[in-house]
Amino acid sequence: DELLEMVDPLVLSQRRQTLAGGVETKEAESIDFLPDDLLNIIGETTSYNRFYGFSEKPFEIVPDPQFFYSSPSHLSVLTSVINGIENRENLVCVTGEVGTGKTTFVHFLLHCLEEKVKTALIAFPSNTFEELVSNILLSLGQEVLGEKKQALLDQLNGYLSEKMGVDKTLVVIVDEAQNLPSEVMEELGTFYEGGRWVARLQIILVGAPELEHKINSRRLRQFGHEIGIRC
């Protein structure tokens, strides 16, 4: 009782009245709570949602686009990426420090794109080029039919030509892209250099500053030339 009085005396009184079912106040005060009741009351009265008057929990593990903070720098990046998609830039690179809201930005971007833009979000690492293409197909709801690179590319190209209209484009967003091996990026650059996917597939790489350092390395110099927008 002393603990509840410190936490919220009003809640203690209200709960006693509720449990008593409208009996006299003195009788209600004699009602004892079980340990679970006490924990529930303390949890509710010390909740930061209640304390600050929040309507929803703002710090959940899964990013919520409702909580996207439109600072000038975030809006600048959003505008650049949307312009890159509209102008059919092959590759777009977005980098930011840990905690700057990159993943929340990605989910907000998905809500901003027009219907003619088909999207696929890759939120888990791909260790090989074949695995990356497989993950793209899985994100599109497709059953992966082969394991070899050529079979996977043929299936992806078949999806682009059969499942999507001429005026549509597929935008693949790779989150935590700093974890992509350099050889995977090299192969991506090779396909774009050959013009194979230029008109139908765009890839947005989102990652920590290590991604920019990797792209600027001598090994990935050619890949870096294929990136239309960096922000």
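Student: Which residues line the largest cavity?
Tutor: This is a predicted model, in which local features need pLDDT of at least 70 and side-chain atom pairs pLDDT 80 or more, while totals for chains, interfaces and linings use all residues. Residues are numbered from 1 along each chain as its sequence is written, and side-chain values use heavy atoms, without hydrogens and water. On a 1 Å grid over the protein atoms alone, a cavity is a set of points where a 1.4 Å probe fits but cannot get out, and lining residues have an atom within 4 Å of a point. Here the lining consists of Phe124, Pro125, Ser126, Val174, Asp175, Glu176, Ala177, Asn179 and Leu180.

Student: What volume does the largest cavity have?
Tutor: The structure holds 1 cavity of 30 Å³ or more. Its lining has 5 nonpolar, 2 polar and 2 charged residues (Ala, Val, Leu, Ile, Met, Phe, Trp, Tyr, Cys and Pro are nonpolar, Asp, Glu, Lys and Arg charged, the others, Gly among them, polar). With volume taken as the space filled by probe spheres set on grid points joined across faces, edges and corners, the largest cavity comes to about 40 Å³.

Student: Let's turn to the pockets. Which helix gives the most to the lining of the largest pocket?
Tutor: A pocket is an open set with protein on both sides within 12 Å along at least five of seven lines. About 460 Å³ of space lies in the largest one, and of its 24 lining residues the closest to the centre are Pro63, Gly101, Lys102, Thr103 and Thr104. By class, this lining is 11 nonpolar, 7 polar and 6 charged. The top contributor, with 4 residues, is H7.

Student: Which helix supplies the largest share of the lining of the second largest pocket?
Tutor: This pocket has a volume of about 200 Å³, and its lining includes Ile82, Ile85, Glu86, Arg88, Cys112 and Lys168. By class, the lining has 5 nonpolar, 1 polar and 6 charged residues. The largest share, 3 residues, comes from H6.

Student: Are H6 and H7 oblique or roughly parallel to each other?
Tutor: Helices are DSSP runs of H or I with at least four residues, numbered from the N terminus (strands, E, need at least two). H6 (residues 72-86) and H7 (residues 102-112) pack at about 50 degrees, with axes 11 Å apart; axes are lines fitted to C-alpha atoms over the stretch in contact, and angles run from 0 to 180 degrees between N-to-C directions. Under 35 degrees is roughly parallel, over 145 roughly antiparallel, 65 to 115 roughly perpendicular and the rest oblique. H6 and H7 are therefore oblique.

Student: How many nonpolar, polar and charged residues are in the contact of H6 with H7?
Tutor: Contact means heavy atoms within 4.5 Å. His74, Val77, Leu78, Val81 and Ile82 in H6 meet Phe105, Phe108, Leu109 and Cys112 in H7. The count by class is 8 nonpolar, 1 polar and no charged.

Student: Are H8 and H9 roughly parallel or oblique?
Tutor: H8 (residues 129-139) and H9 (residues 149-162) pack at an angle of about 30 degrees, with their axes 10 Å apart. That makes the two helices roughly parallel.
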